[in-house]
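Hi there,

Here is the structure I promised to pass on to you. Please open it beside this email and read the two together.

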Amino acid sequence: MTETFTAMVIDTVDGKPKGAFRQLSIADLPDNDVLVEIAYSTLNYKDGLAISGKGRIARRMPMVGGIDLSGTVIESRSLEWKPGDKVVLNGWGLSETEWGAYGRYQRVKSEWLIPLPEAFSLEQAMAIGTAGYTAALCVDALEKWGSIKPGEGEVLVTGAAGGVGSVAIALLAARGYNVTASTGRPETHDYLAFLGATTFIDRAMLAEKGGPLQRERWTGGIDSVGSTTLANTLSQTVHGCAIACCGLAGGADLPATVLPHILRAVTLIGIDSVIATRQQRLSAWARLARDMDKGKLDSMTTLEPMSKLPQLAEDIVAGKIRGRAVIDVNG
């Protein structure tokens, strides 16, 4: 195959990483054992940082961006996959240490792939993407911990109108939990209520510096913001309960104390979606197939052509994108 195609490639420009469109051929791709024809990718916060140059995500240059893909196997040297198989890939260092999904083709390692769940189309799988799959990992972790109970207490979701937050709210609501959504955009309240949020809290109330032990309120939570927001969330968590942390949209620092942990037995559960085990991935996608309402998924999703990636990257870093953006890599 000698076909050339357009890809979003991150490279060093004036000493800083920056994404730009470039023509590649299949011969340019890494020598991994499965060639996938990509149908769709997604736009995540990390993708926005990488393309815009506002964060050093790519660890080697040049780097094809895009941390998610859904598509069809074209060639395979692996016994596990054959041409025609529909597959999904989330994480595994794509756009950081491994070439990613913003192009029509990519060669990937066979162990990175999982089968496309029967419940979803290729487009729907990317409407979920890393953000939704991470949200499912968070819900799995909280239920395994055992402190959240349907219909009892309040489960907090920060960054509620973003990709992780949107899917987290829908999944939690489907299980009968009382969900409180933290957002700084009042105009998203109707959208979040449709997803299943029952209460709202202004994100500013969690972003201001607070005491190390505050009034107990949250029986669980999913945080994609970090920094002071996470510190306040932990200080407001009910004795013996847990918060799952998966992001740093508000900062990578954690200006907190150990007091919630040693006086209230509060647990902070770290969620890493990049190198999660195959069992964890399959469990998360099984939850999504079971609990993700297709109507709600459609309501949080927009389909965008790859040609709009530069502007979309700026928008997601600025907090202007609601829900999930699916990227048509052929658009």
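Below are some notes on its strands, its cores and its cavity.

First, some ground rules. This is a predicted model, where local features need pLDDT of at least 70 and side-chain atom pairs count only at pLDDT 80 or more, while totals for chains, interfaces and linings use all residues. Residues are numbered from 1 along each chain as its sequence is written, and side-chain values use heavy atoms, leaving out hydrogens and water.

Let's start with the strands. Helices (H or I, at least four residues) and strands (E, at least two) are DSSP runs numbered from the N terminus, and two strands pair if DSSP finds at least two bridges between them. Strand E9 (residues 154-157) pairs in the parallel sense with strand E12 (residues 218-223) over four bridges; there, Val157 has Ile222 as its bridge partner. E9 also runs parallel to strand E10 (residues 179-183), joined by three bridges, and Leu156 stands opposite Thr180. With helix H3 (residues 163-174), E9 and E10 make a right-handed β-α-β unit (right-handed: with the strands pointing away from the viewer, the path from the first strand over the helix to the second runs clockwise).

Elsewhere, an open sheet of three strands has the order E2-E1-E4, with antiparallel pairing. Strand E2 (16-25) and strand E4 (63-64) are at its edges with a single partner strand each, so one side of each has no neighbour in the sheet. Two bridges join strand E1 (residues 4-13) to E4, and Ile10 is the bridge partner of Met63.

Now the nonpolar cores: sets of buried Ala, Val, Leu, Ile, Met, Phe, Trp, Tyr and Cys residues joined through side-chain atoms within 4.5 Å, where buried means under 20% relative accessible area with a 1.4 Å probe, protein chains only. The largest has 52 residues, and Ile169, Leu172, Leu192 and Trp285 have the most contacts inside it. Helix H2 (122-145) is among the elements that give two or more residues to this core, and H2 gives the most, with 14 residues. Apart from this core lies another, of 26 residues, including Met8 and Trp112.

Finally, which residues line the largest cavity? They are Val88, Leu89, Asn90, Trp112, Ile114, Arg281 and Trp285. A cavity is a set of points on a 1 Å grid over the protein atoms alone where a 1.4 Å probe fits but cannot get out, and lining residues have an atom within 4 Å of a point. The largest share of the lining, three residues, comes from E6.

Enjoy exploring!

Key. Buried < 20%, exposed > 50% of the residue type's maximum accessible area, 1.4 Å probe, protein only. 1 Å grid on protein atoms, 1.4 Å probe; cavity = no way out; pocket = protein on both sides within 12 Å on 5 of 7 lines; lining within 4 Å.
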